[in-house]
Amino acid sequence: NKYFRNTECYVAHDGADFPFNSDIIETIIDSKKLNIGYTGHLYQGRGIDIILKIAERYLDINFHIVGGNPMDIKYWKNKSSSKNVIYHGFVEPKSVYKYVNSFDILLAPYQNKVSIAGRDDSSKYMSPLKIFEYMASNKAIIVSDLDVLHEVLDSNQVEFVTYNNIDDWCNAIEKL
């Protein structure tokens, strides 16, 4: 391109504002329990099934899922009857930080095939904005151990676990 011939360019990963405001949504968060959260779409490959399996093992922990349209939420509610999974539905992006800051542990359970809007597979090249939002919150994060996520994360920042191994996810929760 003639416009960039003599210009150095730096291609950066996604980012998030830092720091997130510390507002906390106390009305929906039970502070007497551990609160584990996920924010984002509920498409296949995002690991919602992993969260539901973990929730079945830890009935004394609340699992919050922020995001998704009513049809996706209905689909996942039909997969599990755990009363400790709370679906918050779609939240305006400018308010998601309130939920993130309210949780004790954040989950990014990406699978080895991750869909975009219910189709395609972005698992080899994704740079999820959610990871950067989570990092800005300074909360504990458990994330799938996928090569692409090592481009921006290391084990000093997060707990990496085998993406589809429920025992690994549970061990990471116990550790934190």
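With which side chain does the side chain of His-88 make a polar contact? Select His-88 and His-64: their side chains make that contact at 2.8 Å. (A polar contact is a pair of N or O atoms within 3.5 Å; within protein, one must be able to donate a hydrogen and the other to accept it, and residues adjacent in sequence count only if both atoms are side-chain atoms.)

Before moving on, know that this is a predicted model, where local features need pLDDT of at least 70, side-chain atom pairs count only at pLDDT 80 or more, and totals for chains, interfaces and linings use all residues. Residues are numbered from 1 along each chain as its sequence is written, and side-chain values use heavy atoms, leaving out hydrogens and water.

Stay on His-88 and colour strand β3, residues 85-89, where this residue sits (strands are DSSP runs of E, at least two residues, and helices are runs of H or I, at least four, numbered from the N terminus). His-88 is buried, at 19% relative accessibility (buried means under 20% relative accessible area, exposed over 50%, partly exposed in between, with a 1.4 Å probe and protein chains only).

Next, pick Tyr-75 and Trp-76. The structure holds one aromatic pair, and these two rings, with centres 4.9 Å apart and planes at 85 degrees, form it edge-to-face (rings of Phe, Tyr and Trp, its six-membered ring, pair if their centres lie within 6.5 Å; planes under 30 degrees apart are stacked, over 60 edge-to-face, the rest tilted). Tyr-75 is partly exposed at 35%, while Trp-76 is buried at 4%.

Last stop: Lys-98 in helix α3, residues 96-102. Lys-98 is partly exposed, at 28%.
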